[in-house]
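Colleague: I would like to learn how to read a helical model. Please take me through it step by step.

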Amino acid sequence: MATQIIKEDFSEASRWRRRPRPTFAWLAQVVSGVLLLVLLTVHMVAQHFVVEGGLRTYADVVAWIRNPIVFATEALLLICVTWHGIAGVHAVLLDLGLRGRAERIVARALLDLAVATILYGLWLLYAIAFRS
Amino acid sequence: MTQARRHDRRPQPRRPRWLDPRGRHLGTWAFVANRLTGLGLVAYLYLHLVILSTLLRGPEAWDGLVELFRRPVFLTFDLLLVAGLAFHGLNGLRVALVGSGLLVDWHRALLVAAGILVGLVTLVAAVRILA
């Protein structure tokens with residue numbers, strides 16, 4: 001039997017054209033991840049690295065969070081980090097072999113947890129800024 | 001037989017392949033580390049929310065906690081956190097690029113670059129936090 005040599009184009013451009021269609025979960029994880037790189041860098045520098053001693057006192061925290069730009073940035077960070085983290089946990093559970101009805105129940109529970117986390121975090125931000 | 005059909009005939013692993021360290025390449029170790037740092041960071045997210053909730057108990061509670069967190073053991077934990085964040089973020093960027101079909105041939109170089117950057121970020125953080 002003669003050996004047949006099949007020439008295939010494995011160039012990067014070719015792979016890019018033939019790539020599998022990205023899922024919503026993958027795209028959401030990439031977008032939230034890139035946003036987090038920016039938001040967390042801003043958070044770590046502004047909240048910790050430029051602050052004397054690394055942590056603000058109570059009065060300074062309240063004054064800082066009352067700034068509308070800071071409030072909005074922290075709220076966006078909360079939403080992105082919760083989505084990214086919970087979706088990551090879901091991906092790990094899929095890796096562990098979670099399938100079928102159990103997967104649907106766990107996915108629903110994780111979604112509820114994400115919503116609850118975001119709602120609590122937003123309320124906490126509001127309470128710190130305006131009820132302290 | 002095509003590559004896809006050969007792939008379909010493989011028996012499904014009973015446990016995730018990334019939990020098995022035998023014969024793994026550098027990229028797989030990076031994947032495992034990304035998963036583990038990710039899980040650690042999710043745990044820290046909830047710990048962070050619990051800690052921030054102390055602000056609701058007023059200035060004395062919060063300022064007392066701030067004093068506690070300035071102890072060396074907590075500062076070391078902060079440094080570990082920065083290193084974990086830097087690794088997860090930079091390696092995650094590499095995974096996003098390669099997974100999207102971009103710079104696939106450079107994935108090892110990207111991992112090395114990410115490792116160097118993580119080292120630099122951790123070094124700067126160590127000087128800032130522990131000095």
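Colleague: What percentage of the 132 residues of chain A count as buried?

Modeller: The share is 13% of the 132 residues of chain A. Buried means that 20 or more other C-beta atoms, placed from the backbone, lie within 10 Å of the residue's own. This is a predicted model, where local features need pLDDT of at least 70, side-chain atom pairs count only at pLDDT 80 or more, and totals for chains, interfaces and linings use all residues. Residues are numbered from 1 along each chain as its sequence is written, while chains are lettered from A and ligands numbered from 1 in the order in which they are written.

Colleague: How many helices and strands does chain A have?

Modeller: Chain A has five helices and zero strands. Both are DSSP runs, numbered from the N terminus: helices are H or I with at least four residues, strands E with at least two.

Colleague: How are two packed helices described?

Modeller: By the angle between their axes and the distance between the axes. Take α2 (residues 26–52) and α5 (residues 107–130) of chain B: the angle is about 50°, and the axes lie 10 Å apart. Axes are lines fitted to C-alpha atoms over the stretch in contact, and angles run from 0 to 180 degrees between N-to-C directions. So α2(B) is oblique to α5(B). Oblique covers what is left after under 35 degrees (roughly parallel), over 145 (roughly antiparallel) and 65 to 115 (roughly perpendicular).

Colleague: Which residues meet there, in α2(B) and α5(B)?

Modeller: L26(B), G27(B) and A30(B) of α2(B) meet H107(B), R108(B) and L111(B) of α5(B). Contact means C-beta atoms, placed from the backbone, within 7 Å.

Colleague: How many residues does each chain give to the contact of chain A with chain B?

Modeller: Chain A gives 29 residues and chain B gives 29 residues.

How values were computed:
Two residues are in contact if their C-beta atoms, placed from the backbone, lie within 7 Å. A residue is buried if 20 or more other C-beta atoms lie within 10 Å of its own, exposed if 12 or fewer, and partly exposed in between; C-beta atoms are placed from the backbone.
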